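Subject: Structure handover

Hi,

Here is the structure we talked about. My notes on it follow below.

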Amino acid sequence: MNIIDVKGLRKSYGDHQVLKGLDFQAKEGEIIGVIGKNGAGKSTFLEILMTIKEFDYGDITIFNENLQGLTMERLENLRKDISVVLQPTQFYKTLKVEELLRLFQSYYQSKTEIDEIIADFKLEPHRKSYFDKLSGGWKQKVSLAIAFLSEPKLIILDEPTTGLDPHMRNVLWSYIVEYNQRVGGTVILTTHYMDEVEMYCDKVMLINNGENEIYDTTDKILSLGYKSINSFYLSKVSV
């Protein structure tokens, strides 16, 4: 079942056309990597799916709701099933980790127990720490914990592991994969780490010159003769 269906998506900034008729589908339970050079349109695409950026032309359906002409009430209801983690993440400097979790628990009207989410993400050592004082890796762990509080149907991650060491990247991915298996949600992310795409993503969409040059499973791409997703990526964007 498709939870997202995008057809002919176009978006321009003035005379600069960023997305040029992009097509995309996402099913329940998939982890999908969106890759491409800086400026290719990845973030714009994700922001449109987040429903925080308008688009010029196309047809977008999320959770069986067509975004064109949605009332504000229906749009807000749709947003309740979407969580987002951006890079870098910033929260209130004067709040501690537990306070942040309780704040968003109230905002999401989540029934998830704070002690449960702290245990799931192994946040106990920093329960009373100010978010602003945490390392980049711990900040991202807290951000994922907050995103998962509402048990969303769709999680959108914009370069979630940028700047983190290999150990912390692996830790964050273990949470992403576990969430996906437990909740049956869908994860869409951008990343420049092609090893992460190859290891964890079910499908890959390469945005090149404003179009989805290829959108397929990682296995199918590798079956075309590429040694890795990284060699596939370099062969497409190096020219």
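Gly-14 takes a positive phi near 65° in the hairpin of β1 and β2, which has two residues between the strands. Strands here are DSSP runs of E, at least two residues; helices are runs of H or I, at least four residues; both are numbered from the N terminus. This is a predicted model: local features need pLDDT of at least 70, side-chain atom pairs count only at pLDDT 80 or more, and totals for chains, interfaces and linings use all residues. Residues are numbered from 1 along each chain as its sequence is written, and side-chain values use heavy atoms, with hydrogens and water left out.

Sheet

β1 (residues 2-13) and β2 (residues 16-27) run antiparallel and are joined by nine bridges. Ile-4 stands opposite Ala-26 in β2. The pair belongs to an open sheet of four strands, in the order β2-β1-β4-β5, with antiparallel pairing. β2 and β5 (65-66) are at the edges with a single partner strand each, so one side of each has no neighbour in the sheet. Two strands count as paired if DSSP finds at least two bridges between them.

Cavity

How many cavities of 30 Å³ or more does a search of the whole structure find? The search finds one. The volume of the largest cavity is about 50 Å³. Its lining consists of Thr-112, Glu-116, Ile-117, Asp-120, Phe-148, Glu-151 and Arg-182. α4 gives the most to this lining, with three residues. By class, the lining has four charged, two nonpolar and one polar residue.

The cut-offs: on a 1 Å grid over the protein atoms alone, a cavity is a set of points where a 1.4 Å probe fits but cannot get out; a pocket is an open set with protein on both sides within 12 Å along at least five of seven lines; lining residues have an atom within 4 Å of a point. Points are joined across faces, edges and corners, and a volume is the space filled by probe spheres set on them. Ala, Val, Leu, Ile, Met, Phe, Trp, Tyr, Cys and Pro count as nonpolar, Asp, Glu, Lys and Arg as charged, and the others, Gly among them, as polar.

Second largest pocket

This pocket holds about 260 Å³ of space. Its lining has 13 residues, and Lys-53, Glu-54, Phe-55, Leu-67 and Leu-75 lie nearest its centre. Helix α2 (residues 72-79) supplies the largest share, three residues. Seven lining residues are nonpolar, three polar and three charged.

Single residues

Ser-110 sits in the loop between α3 (97-108) and α4 (114-120). Ser-110 is buried, at 13% relative accessible area (buried is under 20%, exposed over 50%, partly exposed in between; 1.4 Å probe, protein chains only). A polar atom of its side chain lies 3.1 Å from the backbone nitrogen of Thr-112. Leaving aside neighbours within four places in sequence, Ser-110 is in contact (heavy atoms within 4.5 Å) with Gln-105 and Leu-149.

Tyr-107 is in helix α3. Tyr-107 is exposed, with a relative accessible area of 64%. Tyr-107 and Ser-150 are 43 residues apart in sequence and 9.4 Å apart in space, C-alpha to C-alpha.

Val-187 is in strand β8 (residues 186-190). Val-187 is buried, with a relative accessible area of 1%. Not counting residues up to four places away in sequence, Val-187 touches Glu-30, Ile-31, Ile-32, Ile-155, Leu-157, Ile-176, Tyr-179 and Asn-180.

Best wishes

Key
Polar contact = N/O pair within 3.5 Å; in protein donor to acceptor, adjacent residues only side chain to side chain.
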